[in-house]
Amino acid sequence: MNKKAVVSVAVVVAIIAALPVLGDNYLMRLGTMFGMYATLALSWNIIGGYAGYPSFATAAFFGLGAYTGALLQGAGVPMPLAWVAACASAALFAALLGLAILHLKGHYFAIASLIVGEVLVEVATSWRSLTGGGMGLNLPVLRMGVEAQSRLFFWSMYTLGVLALLMNWLVARSRLGFGLNCIRQNEDASAMVGINTKRYKVMAFTCSAVLVGGAGAMYASWVYYIEPPDVFDVLTSVKPIVMALLGGAGTVLGPAIGAGVFLVMEEVVWRNFLDVHSAILGILIVALIFLLPNGLLGLAIRRRKAAIVARLPTLAKRRKA
Amino acid sequence: MLYLQVLINGLVLGGLYACIAVGFSLVWGVLNVINILHGSFVILGSYVAYFAYVHLGIHPFYSIILAGAVLFALGYALQLGLINRVVGAPVLTTLVLTFGLDLLLNNAMLVAFSADYRSIQLANPLGRMDLGEVTLPLDRVASMLFALGLTGLLYLLLGRSRIGRAIVAVRMDREAAALMGVRVRRVYAITFGVGAMMAGAAGSLLALIFPISPLNSSEFLGIAFVVCVMGGLGSITGAMIGGLALGVIESFAALFIGPEHGLTIAFTLLILLLMFKPTGIMGRRGYE
Amino acid sequence: MLKNPVKNATAILGAMLMSTLLGVASSAFAEDVIRVGAPLPLTGPLSPEGEKQKRGYDLWAKTVNAEGGISVGGKSYQVEIEYVDYESNTPRAVQTAERLISENDVDFLFSPFGSGATKAASGVSERYGIPTIAATASSTAVYNQGYRYLFGTFTPNATLTDPLARLVKNSDEEIETVAIYARNDLFPLAIAEEMEKSAKKHGFEVVSFSEYAIGTMDHASALTVMRREEPDWVFATGYINDLILVRKQMSDLGLSPKVLTMIAGPAYQEFIDATGDLSNNVSSAAWWHPAVDYDGEGTFGTTDAYLEAFKEEYGARPDYAEASASAAGVILQLAIQQAGTLDPKAVRDALANMDTTTFYGPIRFGDTGQIVSLEPPVFQIQDREAKVIYPDSVKQTDLQFGGIE
Amino acid sequence: MAEPLMQIQGLESGYGEIQVLWGIDLEVHEQELVSLIGSNGAGKTTLLKTISGLVPPTNGSVLIDGEEYAGRRPDQMLTAGVAQVPEGRRLFRTMSVRDNLLMGAYMRPQNDPGIREDYERVMAMFPRLAERARQDAGTLSGGEQQMCAIGRGIMGRPRLLMIDELSLGLAPRAVEMLIESLLELNRAGVAILLVEQDVATALDLAHRAYVVDRGRIAMSGTARELADAPEVREAYMGI
Amino acid sequence: MSDLLTLEGVSRRFGGLLAVDNVDLSVGRGEIVGLIGPNGAGKTTLVNVITGVYRPSAGTITYDGRRIDGMKTFRISRMGVARTFQTVQPFPAMTARENVMAPATFAGKSQGIAEARERAEEALEFVGLGDARDALASELTLAGRKRLELAKSLAMEPKVLLLDEVNAGLNSTEIDEALDLIRKVADSGVTIIIIEHLMKVVMSLCSRIVVLHHGGKIAEGTPDEVRNDRSVIEAYLGNRYASRSAGEASDG
């Protein structure tokens, strides 16, 4: 990204951050959701977009973060500290899990990562003494005003989203991002050019978990009641993927844009079609696959590629100087 | 005796599981597509059987044919119209596509049939048979035998029939199959149709046993997943063995560790299996 | 068709924008309307329950509006219910509740389904000071949070299990052992725990208390183990699909206790339809039953009138969830009329001080906001029909033992 | 000379944006044995795949008995009598040898008594396959696999059999056996288009040959002419 | 001068197939060694064993005084063993420069992206792809992609370079260019092991030639010795042609 792009992104970020000025509670809630969705989609982007590993573990990280945060807050740990701990627990879990399953490829990896979430649901449901099982878990209610609360959660979640964006930007510019890009395109050749593929994949998987854990914990504090089927919902794994694909997986801004568009789409469909909103969402998803296979940002990239192809004949005819 | 009863419970359940999974496995193996629609296909099959019984008095065992035909047509059309265009695309594309289609189909069923649970009450149930302390629920056993029979039929179809050999050939080497004159896109559509057909047939057997509602689709999809990975994907015998194994494991886990942990145990085993032997119990040899 | 992705994308976005505008336009509101928000689980696993509640609310709103609406301070208001689907997802319920209050400007709120979601959403209405009526929340934990704007039409869970245990104990049958089988989920587990307490209180031996996971597709092992214990009484909880399956598998395995109690499936006609003769002699308890007979105030007035109206609208008998939803409407209506204003605080006070009778039964809320004036009926399915066996005032028949095949 | 069995004019094709064939002209007559030689990546395999319909041509024509077949599907090519034995054998590994051979007759009516006949013929031609008819094809040795692949090609009863890389990775003795069978097949009336890296073998067998270089026909002529051409000897035989 | 790379009794088995059979090989610093043999002789497998893609079933591999058999691929490559693939393996969606930057970043000694970019451009210039550096790898011609492979290997600043059929598919002009390039690389002090199909290339380039057949080493020596070795001729051409070819070869 060039300087101009960075500046314009920064301006947009700042404008959205000023949302509370409008004082509209519903907008604030949407803004908070946007922060959360952006965090999830951008985090998934690291493992799914850059490294090309179709991870369905987002729900596992999210739920784990939510329960870590909720349990710690329940035990009297201050909320911000509980959030940080949730990040840490999700990251640690991802690192260990990554060591165990990142040798799997394609569908097998997808399934393994999906099932991890299922196992955690079962554990959370069965371990009643700790998690309250199916009865769910209540968090301590915050002693502060309605407005202050909604501002607090908006800014917290939004900050997390911005952090996720920053993480993507840093990864994309670093050796890690470069290496992941290579792994996605050709893992064997990547090892051959000296990339420690296992380590890079585990790092990517960990990156894809750390902020999601935080998002889970914030979410728990925000709704102050969690239950296993909710925080480990499979949709929590699927939606970020759709968002990332929508915006453009493997790009820095794509997933954030996708999260925004998806949120708007979801809200619009949801409020206008009471009984058939999931069918309409389904149609939109199918349409996206066929009409926007590379996401919104893919349109721009396509143009750039076309320009290079136009120059090719000269290269093909090149002779020794 | 307790163990024998639990073993029988597990086998009866497992036979149905195998039948649920076999079509999913076939599609996965041949097209390399994870068909998220599979659970909804099963439910649709159940509805066909339900309405056939309630309105026409057709016993669910016979409506296997009807449900199979309806689902085959649906699957064939979906594949030819939509999914064929993304076969060979990255995992995520096909997954998200079938996910979207599933939202659509499931919602459509919800609107058409409502979420109310329905169940078939047979006019002449077979009842149960008591052998000492062991009880055989006969309708369930019959369903299971039908389920295994259908799975066996599919096995024969793939091994013996012309189209079956074409499907197997495409699965092994699509280009070589094309060189034999196999029309690959059509075989894909037929395979997807057959996968849906098996789901429909399984659905009509399940209509006798489980309450029917569109809400159950994710459970059936989950079972198909687990069985398929356990047995080795794309393998008919694998699905059969995986299904029976899952049924038995679930039953004994419920006995020894508690009914609320049956699924946890199955999932945990699955993760371990994936980690150490991702090709499933039967491995790659399981096919055919 | 795939040639021009830019154009396609523009078309998609354009369509989305259009529908947003339409959505906003349609939410412009009219005068002289009382707006009640109702977040419901219209899709997802709880959708059957959500649909029931919706039928109850709809019937009330339709009837009230047909009668000329609610008169407040000499002016008539029509009732409009704003439904939102929260997809059986609790936090989404909270979110929609907030959206209904802050954006759709609803005057009052009907809670989401069940104790869990009600509890989660009650914080929102409390913060905004919007009187909220919960039609399907029974857990005392929902009401003892110290909230002032939440009122519920279900008595605590123990009021269901206690009369049952007493009834069985006082019979001549020799019933000593109870096996409890519960879905590991908020309501089913809570009621099973109440049952355990009630059983112990009345001197039964609880031989087993086992749970099954949400989404369990086979109960054979658990029932096989239970069969070995030969319990006199089996008490199973869960949602209707679980209980249909449990009932069928009990029959498959030849588990025939003298008493079989299930909560909450048998209260619904669907259960009887789905299990046929197997439903016979299954006992249950619910907060309301069509066999009750009250003559009260507000829309519908008598239970008979309500049954009639329901039958005309839906061609069926209402069950407790549907009736409770309608009752929630009637209660709100009475409170508004009592207060003579739409001011939330005044309506809240009217609710807190309410002491009246409706088609649903006598209405009086305790300090926590939970109803205290009802005696939930116990019933048993006989000849494929639910018949009340307790309390004596509305009793239709006696509890039958055995006959569970 | 009679009309060629297959006549190709100006054929172009490739993969996506990469063009591989740049205007190929080639013909094969009835009962002829024609070799295609050229280095790795010259486009020989792409040429065969384009003819058999696996790769769509972007330009040019493929005439079979004077009728246009360019861009047809593989099954239509088979019906026209053109079969291909792909590079690397590509057997159906966990099917038995017998089932592999029967797959070769996929296009023919199932009750065609000729299938049985042809099966016996293949078995007679390759007695080693007869011994292993029930075995999985994947368990065969390289030479046996090539026999099976060629047998599979024969089972379609083609008039023209295109064979890609006959000797690839095979022991010399196995290659010699295969060559004998091919010559026998050719004598029985089947035209053969052979792609072969081993230029000496290819030229020794064929009536005529083409040299493919970077997607174009660089030279053509009788096998003897090409074998004696110094360019060919230098570039491809390394001697 | 000690040998840079030594293989002792290296075998690799795949199921029932012995793809590499008890091969001994030692390569000195600065040598250009040719590895030839008919298709399927096990050449590529041997390269894969050396570079750690496959673990040898038996035998030891010593490089620069250290055992490397069983090491991970990326470690071996970081120690200075580079290879090109027979079928080119670029990162298709990256530009040529990015492709070459990858090894420069991960296996080379470059510090930071800027330096890797510089290295990459040097390597591209060296192989004559300077003008094509912004083209996507998937859009290069075959010859271009082969050069790209070479540039990638060079960017690793290797001590040993394994070239797997770099000339396959090239026409004779391109081959001449490639040969010049390989000599240039060798002159810069890199040890080269080259797998080749074309005798002409091997003969003109190599100081020593090793012949593999059915996984085993059947001959080793100078180009002249190998070319006149009867078993080599037999393996290559089949005995039908052995006598003729041998005769002509000795004439030439």
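Predicted model: local features only at pLDDT ≥ 70, side-chain atom pairs only at ≥ 80, totals over all residues.
Ground rules, quickly. Residues are numbered from 1 along each chain as its sequence is written, and chains are lettered from A and ligands numbered from 1 in the order in which they are written. Local features need pLDDT of at least 70, side-chain atom pairs count only at pLDDT 80 or more, totals for chains, interfaces and linings use all residues, and side-chain values use heavy atoms, with hydrogens and water left out.

Chain B, then. Its secondary structure comes to 11 helices and two strands. Helices here are DSSP runs of H or I with at least four residues, strands are runs of E with at least two, and both are numbered from the N terminus. The order along the sequence is α-α-α-α-β-β-α-α-α-α-α-α-α.

Next, the overall form. A compact globule of 288 residues would have a radius of gyration near 19 Å, and chain B agrees, with 18 Å. That radius is taken over C-alpha atoms, and the globule rule is 2.2 Å times the number of residues to the power 0.38. The C-alpha atoms fill a box of roughly 60 × 45 × 35 Å along the principal axes.

How much of chain B is buried? Of its 288 residues, 67% are. Buried means under 20% relative accessible area, exposed means over 50%, and partly exposed is in between, with a 1.4 Å probe and protein chains only. Chain B has an accessible surface of about 9400 Å², and carbon and sulfur atoms hold 68% of that. Those areas come from the Shrake-Rupley method with a 1.4 Å probe; for residues, only the protein chains shown count as cover.

Now contacts, meaning heavy atoms within 4.5 Å. Take the contacts in chain B with a separation of 6 or more: 78% are between residues 24 or more positions apart.

Charges in chain B: 15 positive and 11 negative, with mean positions 17 Å apart. Lys and Arg count as positive, Asp and Glu as negative; His and the chain ends are not counted. Each charge is placed at NZ of Lys, CZ of Arg, CG of Asp or CD of Glu.

On to the assembly. Seven pairs of chains touch, and chains A and C have the most contacts. Chain C has no contact with chain D; their closest C-alpha atoms lie 16 Å apart. Chains C and E share no contact either, and there the closest C-alpha atoms lie 20 Å apart.

Last topic, salt bridges. The rule is a side-chain nitrogen of Lys or Arg within 4 Å of a carboxyl oxygen of Asp or Glu. Over all chains, that gives 58.

One of them pairs B:Asp173 with D:Arg90, closest N and O atoms 2.5 Å apart. B:Asp173 sits in the loop between α6 (162-172) and α7 (174-179) of chain B, and D:Arg90 in the loop between β6 (82-85) and α3 (97-104) of chain D, so the pair joins two chains. B:Asp173 is buried, at 12% relative accessibility. D:Arg90 is partly exposed, at 26%.

Another lies within a helix. C:Lys200 and C:Glu196 meet at 3.4 Å, N to O. Both are in α7 (residues 186-201) of chain C, four residues apart, about one turn of the helix. C:Lys200 is exposed at 52%, while C:Glu196 is partly exposed at 22%.

Finally, chain E. E:Asp64 and E:Lys159 form a salt bridge at 3.0 Å, N to O. The pair links distant parts of the chain, 95 residues apart.
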